[in-house]
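Please look at the sequence and the structure before reading the notes below.

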Amino acid sequence: MPLDVASAILQRRATKVFDPDHRMTDAELDTLLGLARRMPTAFNIQNWRFVAVTDPELRTKIRAVAWDQAQVTDSSVLLVLCADIKAWEKSTTRYWENAAPEVQQFMTGAIDQYYRGREQVQRDEGMRSCGMAAAAIMLQAESMGYGTCPMDGFDFDAVGKLINLPTDYEIVMFVALGKCAKAPHPTGGILPTNEIIFRNTF
């Protein structure tokens with residue numbers, strides 16, 4: 001049975017050892033990425049992009065620039081989460097095509113006003129969007145009986161060349177996903193609540 005959200009959060013750990021012979025079905029991957037596409041983005045600009053790397057030769061090349069981490073080649077799928085930094089200026093009416101004309105006009109104007117000339121904001125927005133999508137992917141995968149490993153130990157520029165990353169995109173992170181072949185280590189420790197959660201002010 002699929003896990004509820006709370007159980008998936010509590011159970012999820014980073015999988016370091018995957019079953020290299022296991023393959024996810026296309027339907028399973030479509031479910032995962034279809035749900036990730038429903039995560040929120042500012043102004044509904046949908047600025048995440050998911051590159052599902054399954055080609056063994058390409059994954060071997062990526063592993064060579066990713067600290068030789070076995071998850072890159074042994075997982076069922078290596079997801080490269082990328083941010084379309086310029087999504088805010090690309091045919092923005094399509095983000096609001098189901099809204100009333102006056103709403104479309106207002107939102108497209110607001111998008112331009114908020115992002116134009118603010119390169120750091122454009123980039124930060126992509127990082128936030130991909131982070132939320134990655135969390136959704138990991139929790140949904142957990143609920144389906146799959147393990148995941150969020151990763152950033154790789155040469156971003158080299159991976160960008162290998163996947164033909166467009167010049168106005170940035171790689172945010174990897175998420176390797178597949179069948180666990182070895183139980184992940186237990187958590188290293190959880191900080192006390194009073195060091196993390198505050199009411200109103202620090």
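The structure is a predicted model, in which local features need pLDDT of at least 70 and side-chain atom pairs count only at pLDDT 80 or more, while totals for chains, interfaces and linings use all residues. Residues are numbered from 1 along each chain as its sequence is written, and side-chain values use heavy atoms, with hydrogens and water left out.

**Overall make-up**

- The chain contains 7 helices and 4 strands; helices (H or I, at least four residues) and strands (E, at least two) are DSSP runs, numbered from the N terminus.
- Along the sequence, these elements follow the pattern α-α-β-α-α-β-α-α-β-α-β.
- The C-alpha trace spans about 55 × 45 × 35 Å along its principal axes.
- Of the 202 residues, 37% count as buried; buried means under 20% relative accessible area, exposed over 50%, and partly exposed in between (1.4 Å probe, protein chains only).
- Taking contacts (heavy atoms within 4.5 Å) between residues at least 6 apart in sequence, 78% join residues at least 24 apart.

**The sheet**

- The 4 strands form an open sheet in the order S1-S2-S4-S3, with antiparallel pairing; two strands pair if DSSP finds at least two bridges between them.
- Strands S1 (48-53) and S3 (147-151) stand at the edges with a single partner strand each, so one side of each has no neighbour in the sheet.
- From one strand to the next, the twist averages 25 degrees; angles run from 0 to 180 degrees between N-to-C directions, and axes are lines fitted to C-alpha atoms, for helices over the stretch in contact.
- S1 pairs with S2 (residues 77-84) in the antiparallel sense over 6 bridges, and Phe50 has Leu81 in S2 as its bridge partner.
- In general, strands of a sheet pair through backbone hydrogen bonds, either parallel or antiparallel.

**Helix packing**

- Helix H2 (residues 26-36) lies across S1, S2 and strand S4 (169-178), and runs at about 165 degrees to S1.
- H2 also packs against H6 at an angle of about 140 degrees, with their axes 8 Å apart.
- The residues making this contact include Leu32 and Leu35 of H2, together with Ala133 and Ile137 of H6.

**Nonpolar cores**

- The largest nonpolar core has 22 residues, and those with the most contacts inside it are Leu79, Leu81, Ile137, Val175 and Leu177; such a core is a set of buried Ala, Val, Leu, Ile, Met, Phe, Trp, Tyr and Cys residues joined through side-chain atoms within 4.5 Å.
- H2, S2, helix H6 (119-143) and S4 each supply at least two residues of this core, and H6 gives the most, with 6 residues.
- Apart from this core lies another, of 17 residues, among them Val72, Leu78, Met151 and Ile163.
- Leaving aside neighbours within four places in sequence, Leu81 is in contact with residues including Phe50, Cys130, Ala134 and Val175.

**Backbone features in loops**

- Most residues other than glycine have a negative phi.
- Phe43, although not a glycine, has a positive phi of about 55 degrees; Phe43 lies in the loop between H2 and S1 and is partly exposed, with a relative accessible area of 24%.
- Asp68, also not a glycine, has a positive phi of about 55 degrees and sits in the loop between helix H3 (56-64) and helix H4 (71-74).
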